[in-house]
Amino acid sequence: SKTLKIAALAGDGIGPEVMREAIKVLRAVEKKFALTINITEAPVGWAGIDAAGKALPDATLKLCKESDCILFGSVGLPDRDPTIPKEERPERAALLRLRKEFSLFANLRPVKLPKELSHACPLAKERQGTGIDILVVRELTGGMYFGQPKKTEQISAGASKATILRAIDTMVYTTPEIERIAHVAFKTARLRRKKVTSIDKANVLENGVLWRDVVTTVAKEYPDVQLEHMFVDNGAMQLVLKPTQFDVMLCENMFGDILSDEAAALGGSLGMLPSASLGSAGSTGQFGFYEPAGGTAPDIAGKNLANPIAQILSTALMLRYTFNLNDAALAIENAVGKVISDGLRTGDIFSASETNARKVGTTEMGDAIAAAI
Ligand code: NAD
Ligand code: IPM
Ligand code: MN
């Protein structure tokens, strides 16, 4: 059978801890489904700087280009940031660089609160309704993250000799960039509850007006999908007031970054939110980049405390979107569901008020999920 070729870039902080558990689970899947999975690990982030002097070493980039997909951990260690120029730091020099290099414009972040974890959701039970189930579709290669100019400059300080600095980030979107991500949102909504809430700031931003116009036009091709527009400030509030109103949330890059962390908390924990970053609309069998939505969690790194589920569910998305192995993806998702209903909890989803819950570490959680495969 075909060999699945995966580049595994664990990165920094909890990255290596959760990657180890994801690979453990992948090996269990390989055995169960008689697959041949070739996993090559390579350094990225501060680990790349330490190993090869760059956040994205040439050999790591080469490996990514030769692989079917990238399984990514997290990068960035704020404590070390002052030691190098901002452009060379891992978030920009590795993560954003890879997203751009592979044109990964469509970022899918599925938030689903398991019924057994309602205690881990910050909202009262009645606000959780019959269940929180939201897909954030985030545009990933445009907007303020990449727009030019992007710089910090010294400007004329006038009569006083004080130095004044001015920082500039530029929000730029073109119609094709908005169209392609809108198509992803409408296509995925068709496989769900057929509702898209498009988030923008059309009351202030030029970008918001264009976003709303283009999304409205694209929506005409999907008459079976309900479209609603919402300003981002209201969207942030509606998420905590009535999260069950949302099916697919379509967001530009930065709004999607912010709202997906907010939504992650509603789903129980940022440590459970996986993501898929894809380069072409809606199809399967494609190059992809799979990573937890959260970061390196320096506050809990190295202590066997991190929840590995976001990384493990990211491998399920990888099997589904890059390899068309939906049964294998479901096996992982069901195994995660089983250990949760069995009561296993890392610290982020543990509550002493639960009867039959057992607090476990990162490795024990990974072992249990691998065993449940
Ligand atoms: P973070 O996501 O690392 O952590 C935020 C909070 O969530 C922390 O309290 C952390 O303990 C918790 N958390 C995150 N993942 C968890 C997990 N798997 N299990 C349990 N708890 C978890 O965000 P931050 O602290 O703002 O950023 C830390 C570093 O990570 C920064 O350098 C940032 O740039 C970087 N970062 C990287 C990525 C990425 O590589 N994809 C994503 C986000 C942040
Ligand atoms: C994420 C992260 C990244 C982002 C950072 C680390 C560059 O927060 O993947 O959500 O802002 O996209
Ligand atoms: Mn983020």
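1. Let's start with a helix pair. Helix H6 (residues 175-190) and helix H7 (residues 206-219) have axes that come within 9 Å and cross at roughly 50 degrees. Axes here are lines fitted to C-alpha atoms, for helices over the stretch in contact, and angles run from 0 to 180 degrees between N-to-C directions. That angle makes H6 oblique to H7; under 35 degrees counts as roughly parallel, over 145 as roughly antiparallel, 65 to 115 as roughly perpendicular, and the rest as oblique. As for the names, helices (H or I, at least four residues) and strands (E, at least two) are DSSP runs, numbered from the N terminus.

2. A word on what you're looking at. This is a predicted model, in which local features need pLDDT of at least 70, side-chain atom pairs count only at pLDDT 80 or more, and totals for chains, interfaces and linings use all residues. Residues are numbered from 1 along each chain as its sequence is written, while chains are lettered from A and ligands numbered from 1 in the order in which they are written.

3. On the H6 side, Thr175, Ile178, Glu179, Ala182, His183 and Phe186 make the contact, and on the H7 side Leu210, Trp211, Val214, Val215, Val218 and Ala219 do. Being in contact means that C-beta atoms, placed from the backbone, lie within 7 Å. These residues split into nine nonpolar, two polar and one charged. In this scheme Ala, Val, Leu, Ile, Met, Phe, Trp, Tyr, Cys and Pro are nonpolar, Asp, Glu, Lys and Arg are charged, and the others, Gly among them, are polar.

4. Now the sheet. It is open, with 10 strands in the order E2-E1-E3-E12-E11-E4-E5-E10-E8-E9 and mixed pairing; two strands pair if DSSP finds at least two bridges between them. At the edges sit strand E2 (36-41) and E9, each pairing on one side only. On average, neighbouring strands are turned by 20 degrees against each other, direction ignored.

5. Zoom in on two parallel pairs. Strand E5 (residues 133-139) and strand E10 (residues 248-251) are joined by four bridges, and Val137 has Leu250 as its bridge partner in E10. Strand E8 (residues 195-200) and strand E9 (residues 226-231) share six bridges, with Asp200 opposite Phe231 in E9. From E8 the chain goes through H7 to E9, a right-handed β-α-β crossover (with the strands pointing away from you, the path from the first strand over the helix to the second runs clockwise).

6. Which strands does helix H9 (residues 253-266) lie across? They are E4, E5, E8 and E10, and H9 runs at about 160 degrees to E5. H9 also meets helix H8 (residues 232-241): their axes come within 10 Å and cross at roughly 10 degrees, so H8 and H9 are roughly parallel to each other.

7. One more helix pair: helix H11 (residues 326-341) and helix H12 (residues 362-372) pack at about 120 degrees, with axes 8 Å apart, and are therefore oblique to each other. Ala335, Val336, Lys338 and Val339 of H11 meet Met365, Ala368, Ile369 and Ala372 of H12.

8. Finally, two backbone details. The Gln148 to Pro149 peptide bond is cis, with omega near 0 degrees. Ser103 isn't a glycine, yet has a positive phi of about 50 degrees.

How values were computed:
Contact = placed C-beta atoms within 7 Å.
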